[in-house]
Amino acid sequence: MIKFFDNNIPNGRYCMDNFMQKPKILVAGATGYLGHYVVQEFKKRNYWVRVLLRKAQQKERFKDIDVDEFYVGEVTKPETLMDVAKDIDWVFTSIGITRQKDGLTYMDVDYQGNLNLLQEALKAKVSRFQYISAIHADKMREVKILDAKEKFVDELKASAIDYSVIRPNGFFSDMLDFMKMAKGGRVYLFGDGMYKLNPIHGADLADFCVSALENRVQEVEVGGPDILTQKEIGILALEAMAKPIKITLLPDGLRKCVIWALRTFTNPKIYGPYEFFLSATAQDHVATTHGNYHLKDFFSEEAKKLSDA
């Protein structure tokens, strides 16, 4: 069953006069780290926004945002997506899972779920479709989660739609693993810890994504303003937690052995997240720099939360 929820904002109706000249947006993946920021960014720029939710009660997560309309449906169940893109001009999706659970695989969600959404967009004659993959995903297709994402990218590029594929570096939220290690007093890294990356804050990435849609950017990798080595990130985390600088470097051969063992003795449901993390740490991930949020400041804020926990 299709369920629409009008947010009843002041002066809000389906086609408000001051929105007539702007495209109407569908945001999928809005309850995730990036998606929430993307909804905020679209509304800040005065777009009309419909948010796709899996459950009606998730509407409560948007109390701080004047969302124009909510649609309840599940991307893995195409029968629940009927007309989700009706009257929509642009679609944004960051739909994906890190851990395979509830019987759903990366192919079920990252690939087929987004493909179901794309098919609805094509049916509704949506003019522009943006998808969030991951940095270097197109070069690391041996990793299960990245292969599922890039299989969808293949479908998107082959479709008759103006597409945008954004491949962001690690999110600031992904860097919390460093903070958790730092809280214990020691950071563990594989190799020499000198691989570089420039993780990005959700707000900065949302700003980039919306601008990319507006400017018809087809495909790009993007990261935050600070390019750091893994060792430098470890030091920032330890400093934020007011801990002595203790970093243990583990042989890279151990990382390879762990990946082999996981792939050999477990199934993708178990090893998927570890395969992704261990593969990603073995190379540089440096992308176009963007934004104003700095990892050091983020760590300082998170350190207060962890200290109170």
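**Exercise 1.** Is helix α5 mostly covered or mostly uncovered, and how many of its 13 residues are buried?

*Solution.* The model is predicted: local features need pLDDT of at least 70, side-chain atom pairs count only at pLDDT 80 or more, and totals for chains, interfaces and linings use all residues. Residues are numbered from 1 along each chain as its sequence is written, and side-chain values use heavy atoms, without hydrogens and water.

Step 1. Locate the helix. α5 spans residues 202-214. Helices are DSSP runs (H or I, at least four residues), numbered from the N terminus.

Step 2. Apply the cut-offs. Buried means under 20% relative accessible area, exposed over 50%, partly exposed in between (1.4 Å probe, protein chains only).

Step 3. Count. Ten of the 13 residues are buried, so α5 is mostly covered. Among them are Phe 208, Cys 209 and Leu 213.

**Exercise 2.** What span does α5 reach from its first C-alpha to its last?

*Solution.* Step 1. The expected span is 1.5 Å times one less than the number of residues.

Step 2. α5 reaches 18 Å, close to the 18 Å expected.

**Exercise 3.** Describe Met 179 and its separation from Leu 118.

*Solution.* Step 1. Met 179 sits in helix α4 (residues 176-183).

Step 2. Its relative accessible area is 0%, so Met 179 is buried.

Step 3. Leu 118 is 61 residues from Met 179 in sequence and 37 Å away in space, C-alpha to C-alpha.

**Exercise 4.** Which residues of α6 are buried, and what follows the helix?

*Solution.* Step 1. In α6 (residues 230-240), the buried residues are Gln 230, Ile 233, Gly 234, Leu 236, Ala 237 and Leu 238.

Step 2. Just after α6, Ala 242 has a positive phi of about 60 degrees.

Note on methods: Helices (H or I, at least four residues) and strands (E, at least two) are DSSP runs, numbered from the N terminus.
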